[in-house]
Amino acid sequence: MIVLSARALLDLLIQDEQLLRMLRPYPIQQVHISVVSIGRAEQHIQALPPGDPSRSIYDSRLRSIVGTARSANTLLPFDWQTAMKWALLLPMQLDVLDANGNLVPLGDDSRQVVATAWQRALQLVERPQPYHPQLAPHGLSFLSY
Amino acid sequence: MSDVMKALNQDLIRHDLDAALPRVVDVLAGGSAAGLGVREARDRFTQLLRDARAGQAQVVGSEEDGQVFIVSAREVTGLLAEVIETRSFVEAVCSGPGFDQQPDTLLQFEERPRSSEAFLPGGALPAMSRAERGTDGEAAAPYRRR
């Protein structure tokens, strides 16, 4: 069972080949998506200029993904148990690489998705990140692409 | 009950429409010679339609030549469940709307700056001026973010 990180959901929207290849063997019921990631993806789509035709394409794609997850019951809420895990992650120094290869702190909402994976014992699908080895001893496992 | 009627019953119980439909057509064409009268065949169809109305079977469509297809709702549900279980996530998602078009703009993920840093005590908050703190002996003015 796996859950897509917020970044992986965006890569799914742009049909990243590496991600698609990795996800291909997984049946619908095994791929989960956090509502937090849905919100982040929506925010990125809304940030596109209103006249950009790509906006409606991404919007359709996101709705398709959400519809698939809803029909398979794999859309994950952010509940209080997850919030307890999130609270443990908040003070930690967790770094990720940005698009330019610079180290930046893992955002609070990305930590919510990590907490969701942790609470539900799901593998987090994400590109390799410097913070992964830090959380492995806590029982979190990652599926990189 | 005639042998034909028994066989037809078995076909319908098994939902084996491939066997049942030609048998009925044959009976209707052959009439009483096949052992099943038109009236019995009509009664059997009436029963099937009654089952359909009760949700035990469902009419899912017909063709121009008048053939009507009747299947069990339970079987359709089972088939759908089987398809859903075996369908891959990527296949399901990428067959949806929007994935048949190519966007010109690529979305690029960016981490949002950590909001908690703005509220960490001792350092992250901007220092208040003397006017904002209030003078000695006076109540402090409400903090306003600059």
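The pLDDT is the predictor's confidence in each residue, on a scale from 0 to 100. The structure is a predicted model, in which local features need a pLDDT of at least 70 and side-chain atom pairs count only at pLDDT 80 or more, whereas totals for chains, interfaces and linings use all residues. Residues are numbered from 1 along each chain as its sequence is written, and chains are lettered from A, with ligands numbered from 1, in the order in which they are written.

In chain B the mean pLDDT is 64, and 30% of the residues reach 70 or more. Helices (DSSP runs of H or I, at least four residues) and strands (runs of E, at least two) are numbered from the N terminus; within chain B, confidence is highest in helix α5 (residues 89–94), at a mean of 90, and lowest in helix α6 (residues 130–133), at 49. The pLDDT also stays under 50 over residues 132–146 of chain B, for which the model has ten contacts beyond four places in sequence, two residues being in contact if their C-beta atoms, placed from the backbone, lie within 7 Å.

The model scores ipTM 0.89 and pTM 0.63. Between the chains, 27 residues of chain B are in contact with 38 residues of chain A, and the largest share of the side of chain B that touches chain A, four residues, comes from α5(B).

Chain A contains seven helices and seven strands, which follow the pattern β-α-α-β-α-α-β-α-β-β-α-β-α-β along the sequence. Among contacts in chain A between residues at least 6 apart in sequence, 70% join residues at least 24 apart.
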